[in-house]
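Here is a short report on one protein model.

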Amino acid sequence: NKTPWGCNIVAGSIDRETLELMKISGCSEVWMGVESGDDALLKEMRKPTTTDKIRTAFADARAVGLKRRAYCILGMPSESLESVAKTERLIDEIDPDIVGFTVMAPYPGNQFYKPEYRDIDWSSIDEYANGLTASKYLANEDLRNIQKRLTNKYRMKLTDRQRVS
């Protein structure tokens, strides 16, 4: 009798054989930080993957019968309406079972933290709701409106944390 389990995996470092072995050992779902559908933004955030590897990992996980969870981050410094559209297209294509959309929170120690953030009360900032993050092209309000639109579009697949009762 196997204990069901799930885990975070990096799309760029997983293969179908490993996913099959995970399934055999009792794994029921995998959680992947998709982050963005824009390869330039994945590179900006130093994510060790590409959109092609994400597509392959999601297809392979589906093929072996694993539930697939995708996490996306809005608000990288170069985020634009075009990069958001690429992310949305990727999510439509990979069709995760569960999806979450957060706004990047540049906590101390994060590569996007800025010295002017030092006096911020970080207890009021998180990745689901923050009035801080903006990109070169999108104001914080834009990012929060995009997050709201995407959570509404994918409301039947949202992570528990984003579900509205």
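Where is the place of Arg-62? Arg-62 sits in helix α3. Helices here are DSSP runs of H or I with at least four residues, strands are E runs of at least two, and both are numbered from the N terminus.

The model is predicted, so local features need pLDDT of at least 70, side-chain atom pairs count only at pLDDT 80 or more, and totals for chains, interfaces and linings use all residues. Residues are numbered from 1 along each chain as its sequence is written, and side-chain values use heavy atoms, with hydrogens and water left out.

**Around Arg-62**

Arg-62 is partly exposed, at 44% relative accessible area. The classes are buried (under 20% relative accessible area), exposed (over 50%) and partly exposed in between, with a 1.4 Å probe and protein chains only. Leaving aside residues up to four places away in sequence, Arg-62 touches Arg-68, Ile-94 and Asp-95. A contact means heavy atoms within 4.5 Å. Arg-62 and Asp-95 are 33 residues apart in sequence. Their C-alpha atoms lie 9.7 Å apart in space.

**Salt bridges**

Side chains of opposite charge can pair when their charged atoms come close. The rule used here asks for a side-chain nitrogen of Lys or Arg within 4 Å of a carboxyl oxygen of Asp or Glu. By this rule there are 13 salt bridges. The table lists three of them.

| Salt bridge | N to O distance |
|---|---|
| Arg-16 and Glu-20 | 3.5 Å |
| Arg-55 and Glu-93 | 2.8 Å |
| Lys-157 and Asp-95 | 2.1 Å |

Take Arg-16 and Glu-20, whose side chains meet at 3.5 Å. Both belong to helix α1 (residues 16-24), and because they are four residues apart, about one helical turn separates them. Arg-16 is partly exposed at 37% relative accessible area. Glu-20 is partly exposed too, at 35%.

Next comes the bridge between Arg-55 and Glu-93, at 2.8 Å. This pair links distant parts of the chain: Arg-55 is in helix α3 (residues 51-63) and Glu-93 in helix α4 (residues 81-94), 38 residues apart. Arg-55 has 27% relative accessibility and counts as partly exposed. Glu-93 is partly exposed, at 49%.

Lys-157 and Asp-95 bridge at 2.1 Å. They also link distant parts of the chain, 62 residues apart. Lys-157 lies in the segment after α5 (140-153), and Asp-95 lies in the loop between α4 and β4 (98-103). Lys-157 is partly exposed at 24% relative accessibility, and Asp-95 is partly exposed at 32%.

**Aromatic pairs**

A pair of aromatic rings is described by the distance of the centres and the angle of the planes. Rings of Phe, Tyr and Trp (its six-membered ring) pair if their centres lie within 6.5 Å; planes under 30 degrees apart count as stacked, over 60 as edge-to-face and the rest as tilted. The structure holds five such pairs.

The ring centres of Tyr-107 and Trp-122 are 5.5 Å apart, and their planes meet at 55°, so this pair is tilted. Both residues lie in the loop between β4 and α5, 15 residues apart. Tyr-107 is partly exposed, at 31% relative accessible area. Trp-122 counts as buried, at 18%.

Tyr-113 and Tyr-117 form an edge-to-face pair, 5.9 Å centre to centre with 75° between the planes. Tyr-113 is partly exposed at 26%, whereas Tyr-117 is buried at 11%. Ring pairs link Tyr-107, Tyr-113, Tyr-117 and Trp-122 into a cluster.

**The whole chain**

The protein chain has five helices and four strands. Their order along the sequence is β-α-β-α-α-β-α-β-α. Buried residues make up 45% of the 165 residues.

Along its principal axes the C-alpha trace spans about 50 × 30 × 30 Å.

Among contacts between residues at least 6 apart in sequence, 66% join residues at least 24 apart.
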